[in-house]
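Reader: I have a protein model open and would like to learn how to read it. Where do we start?

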Amino acid sequence: MIAEDNNDYKKAEEWYKKSLDKENMLGYKSFAKFLYKTNRKNEAEKYFIEAGNRKDADSMLYLIKMYYMKKDTEKLKYWQDKILNTKEIFKFDDETNDLLKYSLSKDKIDKEFFELYIKGEESVLKKDYETAEKYLVQMEKLKKEGILYTADFYYRFKDEKEKGMEKYKKAYENGLKEAATFMGIIEHRNKNIDEAKKWYKIASEIGNTDSQIYLAQILEEEDDKIKAMNLYLKAAELKDYRAIDYLLKYYYREKNLKEIKKWVDVVKKSNGLKNYSE
């Protein structure tokens with residue numbers, strides 16, 4: 001990864017190949033993303049499949065995007081079903097779930113929106129931000145949800161943070177309450193805790209587990225443990241593994257084996273478990 005960041009692609013490929021091991025899912029995924037980024041998609045496919053078969057949602061989503069653009073409906077459906085039905089899946093988050101829904105949609109606008117997203121993402125990977133911006137602006141014109149993607153692009157990739165903030169605010173004003181999560185994260189990073197709490201609370205109320213967990217962490221630091229626990233429980237009930245992990249540690253300290261078994265069963269038996277990690 002360091003070699004790739006330094007644009008030493010020859011050295012990067014050497015190291016990525018050394019990382020390939022049946023126990024190392026990250027090695028397969030990282031090499032696949034490297035090949036995808038450098039226009040070697042046919043080679044990348046093989047390694048995404050290896051990582052996808054090791055329960056990596058990120059790699060499964062890349063395969064979905066590749067087969068979607070190729071119009072390979074059989075392989076597309078295989079990986080859509082796999083991502084939906086794999087238990088203890090890694091790196092399955094809200095963004096992955098949203099993109100999966102677009103890939104499954106029969107709506108003409110959703111299809112066009114998803115294709116624009118794929119093209120925009122490829123341009124971002126190549127650091128061709130001018131082309132990426134064109135695709136993202138088209139997404140925003142198609143659906144108001146596109147504002148969230150342009151906001152993320154300006155804030156994270158093009159390093160136009162003020163423009164990104166304006167876009168998040170615009171998204172929120174257009175009824176996209178999940179934008180409140182990103183506003184909360186930004187304020188939290190800037191150590192504006194009261195503002196962060198305000199935005200997290202808004203997003204928590206619509207069931208955004210990121211906001212529920214981040215708000216719970218702040219409340220814990222402020223010694224408001226009852227409210228924090230209630231938020232962790234809400235996020236756990238929405239099958240966010242990070243909250244379940246917190247509860248497992250809490251119940252372990254309390255020696256509450258009944259609750260431990262209950263939440264371990266949720267982890268082991270659930271499809272769509274979010275943010276699971278080894």
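Author: With helices: a helix is a DSSP run of H or I with at least four residues, numbered from the N terminus. This is a predicted model, in which local features need pLDDT of at least 70 and side-chain atom pairs count only at pLDDT 80 or more, while totals for chains, interfaces and linings use all residues. Residues are numbered from 1 along each chain as its sequence is written, and side-chain values use heavy atoms, with hydrogens and water left out.

Reader: Which helices each supply at least two residues of the lining of the second largest pocket?

Author: A pocket, on a 1 Å grid over the protein atoms alone, is an open set of points where a 1.4 Å probe fits, with protein on both sides within 12 Å along at least five of seven lines; lining residues have an atom within 4 Å of a point. Here the helices are H6, H7 and H8 (108–125), and H6 gives the most, four residues.

Reader: How is an aromatic pair described?

Author: By the distance of the ring centres and the angle of the planes. Rings of Phe, Tyr and Trp (its six-membered ring) pair if their centres lie within 6.5 Å; planes under 30 degrees apart count as stacked, over 60 as edge-to-face and the rest as tilted. The count here is 23 aromatic pairs. In one of them, tyrosine 36 and tyrosine 62 have ring centres 5.1 Å apart and planes at 75 degrees, so they are edge-to-face. Tyrosine 36 lies in helix H3 (residues 25–37) and tyrosine 62 in helix H5, so the pair ties together parts 26 residues apart in sequence.

Reader: Are tyrosine 36 and tyrosine 62 buried or exposed?

Author: Buried means under 20% relative accessible area, exposed over 50%, and partly exposed in between (1.4 Å probe, protein chains only). Both tyrosine 36 and tyrosine 62 are buried.

Reader: What sits over the ring of tyrosine 62?

Author: A charge sits over a ring if NZ of Lys or CZ of Arg is within 6 Å of the ring centre and within 35 degrees of the ring normal. For tyrosine 62 this is the charged end of lysine 65, 4.2 Å from the ring centre. Over the ring of tyrosine 36 sits the charged end of lysine 41, 5.2 Å from its centre.

Reader: Which residues touch the most other members of the largest nonpolar core?

Author: A nonpolar core is a set of buried Ala, Val, Leu, Ile, Met, Phe, Trp, Tyr and Cys residues joined through side-chain atoms within 4.5 Å. The largest has 69 residues, and Phe48, Ile83 and Tyr149 touch the most other members. Helix H5 (residues 57–70) gives the most to this core, nine residues.
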